[in-house]
Amino acid sequence: MELNSLTNTPGARERRKRVGRGCGSGMGKTSCKGQKGQQSRKGHKHKLVFEGGQMPLVRRLPKRGFNNAAFNAKALAVNVSDLEKKFEAGAEITVESLAKAGFSDNKNPKIKILGTGELTKKFTVKVPCSASAKAKIEKAGGSVA
């Protein structure tokens with residue numbers, strides 16, 4: 001195979017539409033804009049939801065219901081292996097100590113400790129934990145309050 005023998009696959013490079021280049025091109029005269037009207041004029045712009053002065057569908061439909069997104073705050077997940085890396089043995093783990101260690105940015109006050117990873121250090125945890133995290137902390141000699 002030589003460089004001069006390389007070609008594009010058919011349909012890979014589509015030629016751009018050249019409008020207003022004579023009637024023989026099939027896109028001459030009115031340049032694909034039809035005869036008269038708003039869309040044939042120069043500087044034509046309108047909003048996507050504009051319906052020619054008719055009340056738009058977005059405004060015709062009733063606004064009902066409740067969105068729970070503001071109240072559905074997810075808990076920030078912290079793994080047992082992360083505690084092993086960041087804290088020394090015998091440390092008391094609270095929401096404040098996790099924030100100081102860089103786990104929380106105080107935008108999300110909910111924190112939950114999950115049981116992913118191994119734990120060898122002893123901790124006193126005063127944060128909500130999963131069942132597997134609680135088992136690993138107690139197995140290492142720590143306590144969960």
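Two strands pair if DSSP finds at least two bridges between them, and the strands themselves are DSSP runs (E, at least two residues), just as helices are runs of H or I with at least four, numbered from the N terminus. What you're looking at is a predicted model, where local features need pLDDT of at least 70, side-chain atom pairs count only at pLDDT 80 or more, and totals for chains, interfaces and linings use all residues. Residues are numbered from 1 along each chain as its sequence is written, and side-chain values use heavy atoms, leaving out hydrogens and water.

**The sheet**
- Three strands make an open sheet, ordered β2-β4-β5, with parallel pairing.
- At its edges sit β2 (92–93) and β5 (143–144), each pairing on one side only.
- Two bridges link β2 to β4 (residues 124–125) in the parallel sense.
- I93 has V125 in β4 as its bridge partner.

**The core**
- A nonpolar core is a set of buried Ala, Val, Leu, Ile, Met, Phe, Trp, Tyr and Cys residues joined through side-chain atoms within 4.5 Å; buried means under 20% relative accessible area (1.4 Å probe, protein chains only).
- The largest one has 15 residues, and L83, I93, L98, I113 and F123 have the most contacts inside it.
- Two or more residues each come from α2 (80–86), β3 (111–114) and α4 (131–139).
- Leaving aside residues up to four places away in sequence, F123 touches L83, E84, F87, E88, A91, I93, I137, G142 and S143, with contact meaning heavy atoms within 4.5 Å.

- R16 is exposed, at 67% relative accessible area, where exposed means over 50%.
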